[in-house]
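Good morning, colleagues. Please look at the sequence and the structure as they come up.

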Amino acid sequence: MVQVNVLEAKNNLSALLKLLEEGQEDSVVIARNGKPVAKMVAYSPVDVSKRIGIAVGVLPIPDDKTLEELDREMEADFEESLDELPY
């Protein structure tokens with residue numbers, strides 16, 4: 001990890017990016033008045049093919065009848081709460 005001030009980061013952005021790209025540094029901390037403010041790290045894309053479908057078979061999908069029952073229950077709850085309003 002290397003720490004640079006804002007002016008150094010501004011003037012040497014390309015060089016700092018190259019350090020990250022080539023793996024020479026794992027991160028670059030940018031400081032203002034010696035106090036760390038931001039951290040730059042190399043971008044690593046996420047493989048979405050491993051995310052999509054991860055919950056298949058884990059979460060139940062309700063059928064239409066169940067959804068209709070839930071809708072009726074929710075509607076009744078809303079109507080009940082409206083009846084309790086003071087106006």
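This is a predicted model: local features need pLDDT of at least 70, side-chain atom pairs count only at pLDDT 80 or more; totals for chains, interfaces and linings use all residues.

Residues are numbered from 1 along each chain as its sequence is written, and side-chain values use heavy atoms, with hydrogens and water left out.

Let us begin with strand β2, residues 27-32; strands are DSSP runs of E, at least two residues long, numbered from the N terminus. Of its 6 residues, 5 are buried, so β2 is largely enclosed by the rest of the structure. Buried means under 20% relative accessible area and exposed over 50%, with a 1.4 Å probe and protein chains only.

How does β2 pair with the other strands? Two strands pair if DSSP finds at least two bridges between them. Strand β1, residues 2-5, runs parallel to β2 and is joined to β2 by 4 bridges; Val2 has Val28 as its bridge partner. β3 runs antiparallel to β2, with 6 bridges. These two form a hairpin with 2 residues between them, and Asn33 in the turn has a positive phi of about 55°.

Ser27 belongs to β2 and is buried, at 3% relative accessible area. The bridge partner of Ser27 in β3 is Val41. Leaving aside residues up to four places away in sequence, the contacts of Ser27 (heavy atoms within 4.5 Å) include Met1, Leu20 and Lys39.

By contrast, Val46, in the loop between β3 and α3, is exposed, at 59%.
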